[in-house]
Amino acid sequence: MLRHHDDHASSMSDDNAPMASQPHVQRHPATSSRGSQCLLLWLLFVSLLLSSTIHAAEFDPYQLNGGLLTAVAGSDYVLLATDTRLIGSTGYDILERDHVRSRLWSATPVPEQNDDDTTLFGQDGSLPAPPVSTTTVSSRSLTAPPVLLASAGCQTDCEMLKRVLRHQVQQSLYAGELPVVRTSGETRTTDIPAIAPLSIAVLLSQTLYERRGFPWYAFCLVAGLDVVGDADATTPTTTTNGGGGGGQVFGYDAIGSYEAVAVATAGTGKHFLPPLFG
């Protein structure tokens with residue numbers, strides 16, 4: 001009986017052995033919900049990252065506001081012209097029809113009033129837009145010929161470039177770093193100094209090149225009268241009479257490379273103007 005009991009006990013232990021070897025696993029609902037939450041957070045993070053990347057690719061800091069510029073240098077004169085239409089980003093909406101303040105301005109100091117108590121330039125050096133009904137051409141005489149600058153492209157960049165360059169010209173004049181034009185070996189005694197166009201051309205080139213990593217969206221022309229001529233200048237000028245008073249025109253790209261030319265165009269539609277000048 002004892003032996004039979006032992007055999008029965010061993011058989012029972014053998015039958016229960018597989019069941020004893022199986023581990024007992026109890027699933028908690030909190031664990032599965034936490035995993036789903038982590039997955040949702042991860043998907044949300046990836047979607048936000050992708051959306052921010054797409055928006056960053058679509059960001060464009062530049063806006064073309066139009067502008068057509070032209071300049072012509074003669075033996076004793078210089079012509080500088082611009083249109084007055086300021087367009088929006090689409091190219092079809094007109095934001096302003098009489099916009100000149102950031103298109104055509106004086107880079108050199110100008111008198112607040114002329115001899116006849118009239119004002120030709122604004123306090124910021126810009127030329128006011130002429131009335132649409134104006135049909136006559138008025139003449140103004142200045143004590144010193146200004147060096148004019150025309151810029152087209154993004155209106156905010158053109159306006160900022162005007163302020164920066166005029167400030168640099170003032171600083172250079174105060175520090176004596178900008179040469180003042182001399183006539184017959186004597187320094188001009190006028191209140192407004194006469195500055196050679198080449199000096200402004202070099203200063204503008206340096207200003208544009210400093211922003212070559214994030215360039216100004218402004219295409220510029222510099223025009224002025226060389227009162228005495230730059231005999232020692234390394235850059236060729238457009239003076240045709242070999243003496244003083246010749247017109248000078250300089251054309252630029254966006255990062256400051258410039259060239260002295262007789263006729264220059266810039267802005268939208270610039271390729272259509274050169275054939276008109278012959």
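Helices and strands are DSSP runs, numbered from the N terminus, with at least two residues in a strand. The model examined in these exercises is predicted.

**Exercise 1.** Determine where Arg103 is found, and whether Arg103 is buried or exposed.

*Solution.* 
Step 1. Locate the residue: Arg103 lies in the loop that runs between strand E4 (94–96) and strand E5 (104–106).
Step 2. Recall the cut-off: a residue counts as buried when its relative accessible area is under 20%.
Step 3. Apply the cut-off: the relative accessible area of Arg103 is 3%, and therefore Arg103 is buried.

**Exercise 2.** Identify what the side chain of Arg103 reaches, and name residues in contact with Arg103.

*Solution.* 
Step 1. Consider side-chain partners: the side chains of Arg103 and Asp83 are joined by a polar contact of 3.1 Å.
Step 2. Consider the backbone: the Arg103 side chain also reaches the backbone oxygen of Gly66, at 3.5 Å.

**Exercise 3.** Describe the largest nonpolar core and the contacts of Leu204.

*Solution.* 
Step 1. Find the central members: this core has 24 residues, of which Leu204 and Tyr252 touch the most other members.
Step 2. List the elements giving two or more residues to this core: helix H3 (155–175), helix H4 (197–210), strand E9 (218–226) and strand E10 (246–252).
Step 3. Identify the main contributor: H4 gives the most, with 6 residues.
Step 4. Examine Leu204: not counting residues up to four places away in sequence, Leu204 touches Leu149, Leu161, Leu165, Cys220, Val222 and Tyr252.
Step 5. Note a second, separate core: its 18 residues include Ala71, Ala73, Val100 and Ala223.

Key. Residues numbered from 1 in each chain as written. Predicted model: local features only at pLDDT ≥ 70, side-chain atom pairs only at ≥ 80, totals over all residues. Heavy atoms only, no water. Helix = DSSP H or I, 4+ residues; strand = E, 2+ residues; numbered from the N terminus. Buried < 20%, exposed > 50% of the residue type's maximum accessible area, 1.4 Å probe, protein only. Polar contact = N/O pair within 3.5 Å; in protein donor to acceptor, adjacent residues only side chain to side chain. Contact = heavy atoms within 4.5 Å. Core = buried A, V, L, I, M, F, W, Y, C linked by side-chain atoms within 4.5 Å.
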